[in-house]
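Thank you all for coming.

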Amino acid sequence: MLIKYKKAYEKFAMGLLSFMPEEKDIKKLQNTMKEYEINDNMQLYLWKDEEIIGAIGIDLSFSDVIIIKHISVNPSFRQQGIGKTMIKEIQELFPNKEIKPNENTVSFFEKCDNIKEVE
């Protein structure tokens, strides 16, 4: 289940985002978290099964496009389709927007070839 990020989930979110290569530096990661907290166009969602095991961050700055800025799944739960499911859930939340990756998520996004962009 996709849930919207709240400050109470900060440690889980930071742990998941730290798996992304560009978020390894703690200062960079703290700045990223702050941006999700203060910028209304930036939204972070967490994937919760019995525990929080995934995160997906999006940029809503554009009127007809959503940019996937971050996507991460706990290594113990990878290869189970959770990343693809998170993208599909974002598509369902914003059905009239096209979903696109940024430079940090493009390689994962390309692996999800069965995900259709919403037109």
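Which residues does Glu37 touch, not counting residues up to four places away in sequence? Glu37 touches Tyr5, Lys7 and Glu10, where contact means heavy atoms within 4.5 Å.

Before I go further, a word on the source. This is a predicted model, in which local features need pLDDT of at least 70 and side-chain atom pairs count only at pLDDT 80 or more, while totals for chains, interfaces and linings use all residues. Residues are numbered from 1 along each chain as its sequence is written, and side-chain values use heavy atoms, with hydrogens and water left out.

Let me return to Glu37, which lies in helix H2, residues 26-38; helices (H or I, at least four residues) and strands (E, at least two) are DSSP runs, numbered from the N terminus. Glu37 counts as partly exposed because its relative accessibility is 35%, and the scale here is that buried means under 20% relative accessible area, exposed over 50%, and partly exposed in between, with a 1.4 Å probe and protein chains only. The side chains of Glu37 and Lys7 are joined by a polar contact of 3.5 Å. By a polar contact I mean a pair of N or O atoms within 3.5 Å, where, within protein, one must be able to donate a hydrogen and the other to accept it, and where residues adjacent in sequence count only if both atoms are side-chain atoms. In sequence Glu37 and Lys7 are 30 residues apart, and from C-alpha to C-alpha they are 8.0 Å apart in space.

Now to the strands, where two strands pair if DSSP finds at least two bridges between them. Strand S1, residues 2-4, runs antiparallel to strand S2, residues 42-48, with three bridges joining them, and Lys4 has Tyr45 as its bridge partner in S2. S2 in turn pairs with S3 in the antiparallel sense over seven bridges, and a hairpin of three residues links S2 to S3. Six of the seven residues of S2 are buried, so this strand is largely enclosed by the rest of the structure.

A point to follow on the screen is Asp59 in S3, because Met42 stands opposite Asp59, and the bridge partner of Asp59 in S4 is Ile67. Strand S3, residues 52-59, and S4 run antiparallel and are joined by six bridges, with a hairpin that leads from S3 to S4 through five residues. On S5, residues 98-101, four bridges join that strand to S4, and here the two run parallel; Ile67 has Lys100 as its bridge partner in S5. S4 is largely enclosed by the rest of the structure, because eight of its nine residues are buried.

A pocket, on a 1 Å grid over the protein atoms alone, is an open set of points where a 1.4 Å probe fits, with protein on both sides within 12 Å along at least five of seven lines, and lining residues have an atom within 4 Å of a point. The largest pocket has a volume of about 530 Å³, a volume being the space filled by probe spheres set on the points, which are joined across faces, edges and corners. The lining of the largest pocket has 20 residues, and Val73, Arg78, Gln79, Phe108 and Lys111 lie nearest its centre. Strand S4 (65-73), helix H3 (82-93) and helix H4 (106-111) each supply at least two residues of that lining.

Gln79 is found in the loop between S4 and H3 and counts as exposed, because its relative accessibility is 84%. Although Gln79 is not a glycine, its phi is positive, at about 65°. Most residues other than glycine have a negative phi.

Finally, Gly83 in helix H3 is buried, with a relative accessible area of 5%, and touches Ile71, Val73 and Phe108, not counting residues up to four places away in sequence.
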